[in-house]
Amino acid sequence: MAELELLVALNMIPYLGPVRIRGLLNCFKTYHDFMNATRNTFLEVPGINQKICNVILESRKKVNPFEEIKKAAELGAKIITFEDKEYPRLLIEIYDPPPVLYALGEVSVLNQESIAIVGTRKPTSYGRKIAEQMAEELAEFNINVVSGLARGIDSYAHRGALKAGGPTTAVLGCGIDIVYPPENYEIMKEIIKAGCVVTSFPIGTRPLSSNFPARNRIISGISRGTVVVEAAEKSGSLITADFALEQGREVFAVPGSIFSPYSRGTHKLIKQGAKLVENVNDILEELNLKKKTDFSMENGSDITSIISTTQEENEVLNLIDYHPVSIELLVQKTGKSPQEINAIITRLQLKDLIVFLPGGYVIKV
Amino acid sequence: MLASLKSCAIYGLDSFLVDVEVYISSGLPAFEIVGLPDTAVRESRERVRAAIKNQNFDFPIKRITLNLAPADIKKEGPHFDLPIALGILAATEQVPASALQGYSIVGELSLDGRVRPVNGILPMAIEVKQKGLKGIVVPFENAEEAAVIKGIEVIGVKSLQEAVGFFKGEFKPDDIIPEVMDTVTTEFEGDFSEVKGQEVLKRALEIAAAGHHNLIMVGPPGSGKTMIARRIPTILPSMTFEESLELTKIYSIAGLLSGRSSLIKKRPFRAPHHSITPVGLVGGGRIPKPGEVSLAHHGVLFLDELPEFSKEILELLREPLEEGKITISRMNATVTYPASFMLVGAMNPCPCGYFQDPFHECSCPPHKVHNYLSKISGPLLDRIDMQVGVSPVAFSDLEKANSMDSATIKKRVELARAVQLERYKGLNIFYNSQLTPALINKYCKLGRAEKLLMKEAFQRLKLSARAYNRILKVARTIADLDQSENIKERHLAEALQFRNLDRYFQNIRT
């Protein structure tokens, strides 16, 4: 059993990742031992060369784990080490579990059934809707929705889960005291109430882009599976999916239009063998959980029949699809005047059957 | 020996009469001009001396004192050359002084005595008529511009000799028939029928033109925003004589009437580049000149790539958009220029142009999109009644043959404008875009079905309270185009389409 101060201190030293820290822990059990160890002791640890040894010797003078633990307590954050019972049990199974997690909120959700929902920072209305709806349904099954609190799909996933009252977990790529992106301040506050915010980074760490792959590994590591909702060809979400595969977890991908650049990444995943997800049952099935039975309300065609539409509205509605159609095209295809089409589109919008996209497109809901 | 004659000077957009007094006395030879002359006026001494000699008149070797009255307003420009020369000739009895009475004289002289054209002739001719003078002597090239004003004699002269000849009764100028010209800037001729597809955008522009609504187009690069904007003047209603006169005055003062020119008949289309300076946009300078907002008076001010304009520049638009005029205060003058224009803006949805585009990936990081859009402030956006999303033209559109031509659209626009003029008689407003909240209550009454639609729209589409009046104004115009007295449900439903981007701007802001 390693001392808390030692783990916190090691976690604060640059160049020391989970693997090297594990090596070091074989040599020392207390902070005192570590501080008094000589250069030769360090060099005996596998994976530690002269350069890293220098960094350790230099940094151990600067880092102050006592101060860090005090600061965490002031912020109301809990520090969980990988030897604690509260440490997510799925995370410990991965190759490089972070030795220390800072957590705000209800840490017990970390050991619930968890599913990660990730995707692009610039989602389309389609992706937003799916992220929010899927998260809400998962949360209704008391499944912890894990994501990264980033802009776009991440935010919608958290929002969806919060709509159902949680649980949800946000994994940060910065210190627990920093809200990034700043506009998600409100969401973060709510997550702390309904779930948990965790990070492996010491207090005060800036949200550098180099932190995010490490964050992504925790997102997939906590979860049984990772759902990629929308991702462009080169997207950070694909990194998360790769981690999930390495960690032996499920990868789910939501298909989209073959014309949409934001579905290329997910389609690539499907080609590589990721499970195609149409609804929450596809996920529940994989996890051997009870399925959702009542799907009648979600079915688009049912809704259309409930809301009454006039004949000309129907004529236009039939031309609108689940991928964007320009209003211009509707004018041409129907042969109606722009003023008629504009008015019909307003009426369909008000009936919640279609959504307007900037640039003069509409899409079926 | 004393002589006195009349000339004109420009102040702001208007002209006033100036007395040119010449006194020649014995003493050391000298030539002094008093009465707040600026450099160009002071330098006229040298031009006048050379011109008089080169046209075979005598230049008196005496003490010449010249006064420009009223002596407390600064006189600018070279157009005092001709009256000064004639004044000296009158004082030395080389031209009959009595013949000069009742005429106002303007013109720049070259050293050999030819008369060169000057700026601001139209307002001068207006002043001459208002003050009840007989006529105006102007440079030959400016004669047609002055001849727009009926009821005064216009004498176009090519040289000092001709001017003297006229006053001696030896030279009779030709009659001048003013020729109508187009705005200098609209050398571009186009027609809406040349633009294939984009029927939705064309419809939006028709509404904007009919109600004089400001409009913003948002769409990816290459969707034809600029191409179609350049053709807006072709669907705007013809200008009335008063409007033409006012616009010509502005161009006359700005020196933009080129060559043989008289009244401008075509509405202006001004498209300043986004590197424009504040002075270039609203006018000003040491000697105030009208800026682009005034040159677009009664026409279209088109700002392409709106967010590329500096924030400072965009905020300057707020006063003219609200008041229809711009007041410039400088050290030695405060002038007001009219600036009632239709603002048409075009922009990409983000720096790369593909934000939320279904078929291209946007390469901008979110904060860049935010910064880009936040250049357009809320107050400015509030003054823009209509927003249109523009999608790129599909190939099938390019092949389509028949498209509405400008003349047909213009006819509908003129009918709708006539309805508005009739309705707002005596209210001192001319189009729907000028409706105040009180007048909106009076003229944009909604029936039960319409109220219901509006209520639903506010809840579902999350419109802001500000959008409410704008939607009503645009719906009023749509009803006017339809020649309908009341705003009907279909008018309102169409008007709502032009607020679709509200949420897009708001979402980005938060």
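Two residues are in contact here if their C-beta atoms, placed from the backbone, lie within 7 Å. Helices (H or I, at least four residues) and strands (E, at least two) are DSSP runs, numbered from the N terminus. The model is predicted: local features need pLDDT of at least 70 and side-chain atom pairs count only at pLDDT 80 or more, while totals for chains, interfaces and linings use all residues. Residues are numbered from 1 along each chain as its sequence is written, and chains are lettered from A and ligands numbered from 1 in the order in which they are written.

Chain B is a place to begin. Chain B contains 22 helices and 18 strands, and its C-alpha atoms fill a box of roughly 90 × 45 × 45 Å along the principal axes. Of its 510 residues, 49% count as buried; a residue is buried if 20 or more other C-beta atoms lie within 10 Å of its own, exposed if 12 or fewer, and partly exposed in between, with C-beta atoms placed from the backbone. Among contacts in chain B between residues at least 6 apart in sequence, 75% join residues at least 24 apart.

Domain bounds come from an automatic or database domain assignment. For chain B that assignment gives domain 1 (2-168) and domain 2 (192-509). The centres of these domains of chain B, taken over C-alpha atoms, are separated by 44 Å. Where they touch, 15 residues of domain 1 of chain B are in contact with 18 residues of domain 2 of chain B. On the domain 1 side, helix 4 (121-130) and helix 5 (143-146) of chain B each supply at least two residues. Helix 4 of chain B gives the largest share of that side, three residues. The residues of this side divide into seven nonpolar, three polar and five charged. In this grouping Ala, Val, Leu, Ile, Met, Phe, Trp, Tyr, Cys and Pro count as nonpolar, Asp, Glu, Lys and Arg as charged, and the others, Gly among them, as polar.

Within chain B, helix 7 (residues 199-211) and helix 20 (residues 465-481) pack at an angle of about 95°, with their axes 9 Å apart. That makes helix 7 of chain B roughly perpendicular to helix 20 of chain B, a term for angles of 65 to 115 degrees; angles under 35 count as roughly parallel, over 145 as roughly antiparallel and the rest as oblique. The axes are lines fitted to C-alpha atoms, for helices over the stretch in contact, and angles run from 0 to 180 degrees between N-to-C directions. From helix 7 of chain B, I207(B), A210(B) and G211(B) meet K473(B), V474(B), T477(B), I478(B), D480(B) and L481(B) in helix 20 of chain B. The residues of this contact comprise five nonpolar, two polar and two charged.

H212(B) is in the loop between helix 7 and strand 10 (215-218) of chain B. Its phi is near 55°, a positive value in a residue other than glycine. H212(B) is buried, with 22 other C-beta atoms within 10 Å.

A nonpolar core is a set of buried Ala, Val, Leu, Ile, Met, Phe, Trp, Tyr and Cys residues joined through C-beta atoms within 7 Å. The largest has 153 residues, and those with the most contacts inside it are A85(B), L86(B), A146(B), A204(B) and A475(B). Leaving aside residues up to four places away in sequence, A146(B) touches I121(B), A125(B), I136(B), V138(B) and V154(B). A second, separate core of 80 residues includes V118(A), A244(A), V251(A) and L269(A).

Chain A is divided into domain 1 (1-63), domain 2 (103-293) and domain 3 (299-364). The centres of domain 1 and domain 2 of chain A are 33 Å apart, taken over C-alpha atoms. The peptide bond from G166(A) to P167(A) is cis, with omega near -5°, and P167(A) is found in the loop between helix 8 (153-163) and strand 5 (168-171) of chain A. Another cis peptide bond runs from Y180(A) to P181(A), with omega near -5°.

The contact between the chains takes 32 residues from chain A and 34 residues from chain B. Helix 17 of chain A gives the most to the chain A side, with nine residues.
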